[in-house]
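Me: Please take a close look at one part of this model and describe it for someone new to structures. I would like one connected answer that starts from the database record and then turns to the coordinates.

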Amino acid sequence: MRGSTRLKWAVCATAVALAATACGGGGSDSGGGGGASGIVSASWGDPQSPLEPANTNEVQGGKVLDMLFRGLKKYNPKTGKAENMVAASITTTDSQNFAIKLNPGWTFSDGDPVTSDSFINAWNYGALLKNAQKNASFFRFIDGYDAVHPEKEGAASTAQTLGGLKKVDDLNFTVKLGAKFSTWPDTLGYSAYDPLPKSFFSDHAAWLSKPIGNGPYTVDSYTKGQTMKMRKWAGYKGPDAAQNGGIDLRVYTDNNTAYTDLQAGNIDLVDDIPASQLKNAKSDLGDRFINQPAGIIQTVSFPLYDAKWSGPNAAKIRQGLSMAINRAQITEQIFQKTREPASDWTSPVLGEAGGFKAGLCGDACTFNPTEAKKLITEAGGLPGGQVTLTSNVDTGSHKDWSDAVCNSINNALGNDKACVFNPIGTFADFRSKVTSKQMTGMFRTGWQMDYPLIQNFLQPIYYTNASSNDSHYTNANFDKLINEANAEPDTAKAVALFQDSEKQLAIDMPAIPLWYQNGTGGYSTKISNVTLNQFSVPVYNEIKVS
Amino acid sequence: MGRYVIRRLLQMIPVFIGATFLIFVMVYALGDPVAAFFGDRAPDPATAAQIRHQYGLDKPLWHQYLDYMGNIFTGDFGTAFNGQPVTELMKSAFPVTLRLTLVAIFFEIVIGITFGVITGMRRGRPIDTSVLLMTLVVISIPVFVLGYVLQYVIAVQWGIGEPSVSPEAPLNELILPGIVLALVSLAYVTRLTRTSIAENTRADYVRTAVAKGLPRRRVILRHLLRNSLIPVITFIGTDIGGLMGGAIVTERIFNIQGVGYQLYQGILRHNSATVVGFVTILVIVFLLANLLVDLLYAVLDPRIRYA
């Protein structure tokens, strides 16, 4: 019968659709808070790259490495000081040759002992061009880097290992740097310098799907893009064992949802409160709302490679623009005091002794609309009568503050079109335009420190041809002061030299400091002792579950 | 019938090639993805070149496209920038989104058609006016507003259900997101059914059926509704593709790691392998759904025949 065959077709069609979905079902236990005893559920973002230490340069992957690895040094989450961890001592007589002695007894969670080779092999792997590790440039201080990782596009390595690394025995090795760098040992807390077990090299794919480290946690299960379950490693013998049973990291696409989940008691810890919720966060969470300084500074830079901005009067205009920005009002209105107006080029987390100095920038970073207008008029007005401010708008609240900065400048100059915001859709597009020197006006630059040293806030960004010198600033005096500071063995004197170099920045103003960014977060009543470290990453191992 | 289906399937080949090429070019036009890998740091030229070489980004566009198409036929959809093969992403994302879509379609059909029949039968009565007003409200409010409001009120204020969906995405957690996803289409289905029913109540065959003395229930379900469903089915069929691709907003609000999430991530990172792979599958789903709709016409209306 005709009718019935037609009906069969329809039934088949539906059956196919249903069967396709049936395969995915399963798993009825609802995710979120609770679960096994002492487990903390925390928000996470999908790491950009595979979780190799030398290939992870963003905070989401950094969170995992922080739990999974312990390097030669670790930054004290309270003071920010680099303290020996796996290293027993790191000594030098000339600020260039370092002798590193390891503590005995450290092992990876698969039983493999942590030896000099664990570090030497890891660093050689990280530096080698063929491995295309994003943090390769961190090894550039070590002698022989140029042979392993030539700078030029298309060049091939002439050596497979760093010449500056020499193994003495299982617990001792020496490092020769290419140039003097007195505070180099203090950079070793960065995750790029973490040791790697033999299994990393013998079965790379298996290691990536379930990384093995020497830190207080082990990876229990890892579903890429969704969840990672970290569990306390009972065999961990380091001084900072986990105070909880484990951490369940859960990927959120939208931090608004993470915040709603926290309110609904579905998750214990959210470490980035969306700007739109900051207003309510304090009343919603009370003292479970975290807002503390982090090593992040936001700036706007100028394309000094553009003739408009490199003229003799341009510095004056840049200073004028800086004075026209009402930092206090913007940080209060838009960021609800989760950012502090900046008055130097470093961060408060360094502390006075570490080189932070409020007010170092002086009048140039103080809001003064009349003086701003005067300076800019004296210098012949804005080049082309207008300045643009370019930023990506896919993350954070970049559009909000960019508009506010432009309004502030427009008000100060009494011209509605003095500053125009130029939004760019994605971060990828924005960065690719910045690095290919396509900027014509101000553009957003932010810096999250790699290690809590004043050197890290200055040299990578303002030194001639440095890796993050997006404005392509170059000044002989600045470079000279940085070199001197790096060679100076006395920390206090070195810090003073770094601050002198900052005074050069105040004169040239290649980048306007806007504000110091705080780390924010919130947590449920189930957990306590929650703090963020200087990198705005929660100190997971200290969290207590009640 | 069989020949018709084969012809339709063959027609999909040029559409498939054209769609993949267009999307490939569009993602390529977004710009170089490598600079973003390095965050606020400028990539050193040698490493950047190495990464470009790894992903084949150093080849000209046509070469990249040919490589990509060649690989697709061996089942290799490329690798996302986080090191995962795209097929693996698809395996985890598509079942989740498909389930979400089916939940949405379920609500669309059950609630939408019921409301449509009720209002169509009672034109001008208070129930008709109030349902019409409700659909108008739903259509005019953006999805993300509805999503956030329902999420907050239902999950946080009232504490029924969860504000976000766990990675396994079981059906019971997909009810709320499914309703949010379905709401706008549901309003359209209601209005379409209503109009169609209203038109057909005056048709000859309905009068005949009533005159034959058939029970009212049988008249409505068997004669009136069946004939009125053609435009509705057309809408729902095309909506399947639309819902799957358009779930980006809903998936984001409820943290569902489905197709929308992967597409969003892929676009942000300028990852052509992910975007092209996912959209290609979506295109195929869309084409198949349309074919299915055309076949269903024949079931609903015996006058339609395919040869």
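Reply: UniProt, in an unreviewed entry, lists residues 94–297 of chain B under "domain: ABC transmembrane type-1". The model is predicted, and the values below are computed from it. Over residues 94–297 of chain B, the chain is 80% helix and 0% strand.

Two of them can be set beside the coordinates. Residues 98–119 of chain B are 100% helix and 0% strand, with end C-alpha atoms 30 Å apart.

Now take chain B as a whole. Chain B contains 13 helices and zero strands. Its pattern, followed along the sequence, is therefore a run of α elements: α-α-α-α-α-α-α-α-α-α-α-α-α. Along the principal axes, the C-alpha atoms of chain B fill a box of roughly 85 × 55 × 30 Å. Of the 307 residues in chain B, 42% are buried. Among contacts in chain B with a separation of 6 or more, 74% join residues 24 or more positions apart.

Chain B also touches chain A. The contact takes 58 residues from chain B and 64 residues from chain A. On the chain B side, at least two residues each come from helix 2 (34–37), helix 3 (45–54), helix 5 (86–121), helix 7 (143–157), helix 11 (248–253), helix 12 (259–268) and helix 13 (272–300). Helix 3 of chain B gives the most to this side, with seven residues. By residue type, the side of chain B that touches chain A divides into 33 nonpolar, 15 polar and ten charged.

One residue of chain B deserves a separate look. B:His270 sits in the loop between helix 12 and helix 13 of chain B. Phi of B:His270 is near 55°, a positive value in a residue other than glycine. Is B:His270 buried or exposed? B:His270 is buried, because 25 other C-beta atoms lie within 10 Å, and the cut-off for a buried residue is 20 or more.

A residue of chain A can be set beside this. A:Lys337 has a phi near 60°, again a positive value in a residue other than glycine. A:Lys337 lies in the loop between helix 11 (327–333) and strand 13 (339–341) of chain A. A:Lys337 has 13 other C-beta atoms within 10 Å, so it is partly exposed.

A:Leu481 belongs to helix 17 (residues 476–487) of chain A. With 21 C-beta neighbours inside 10 Å, A:Leu481 counts as buried. Leaving out residues up to four places away in sequence, A:Leu481 touches A:Leu497, A:Asp500 and A:Ser501. A:Thr93 is 388 residues from A:Leu481 along the chain, and the C-alpha atoms of the two are separated by 22 Å.

Definitions and conventions. Residues numbered from 1 in each chain as written. Chains lettered and ligands numbered in written order. Predicted model: local features only at pLDDT ≥ 70, side-chain atom pairs only at ≥ 80, totals over all residues. Contact = placed C-beta atoms within 7 Å. Helix = DSSP H or I, 4+ residues; strand = E, 2+ residues; numbered from the N terminus. Nonpolar A, V, L, I, M, F, W, Y, C, P; charged D, E, K, R; others polar. UniProt positions renumbered as here; feature names shortened; annotations may be inferred. Buried ≥ 20, exposed ≤ 12 C-beta atoms within 10 Å, placed from the backbone.
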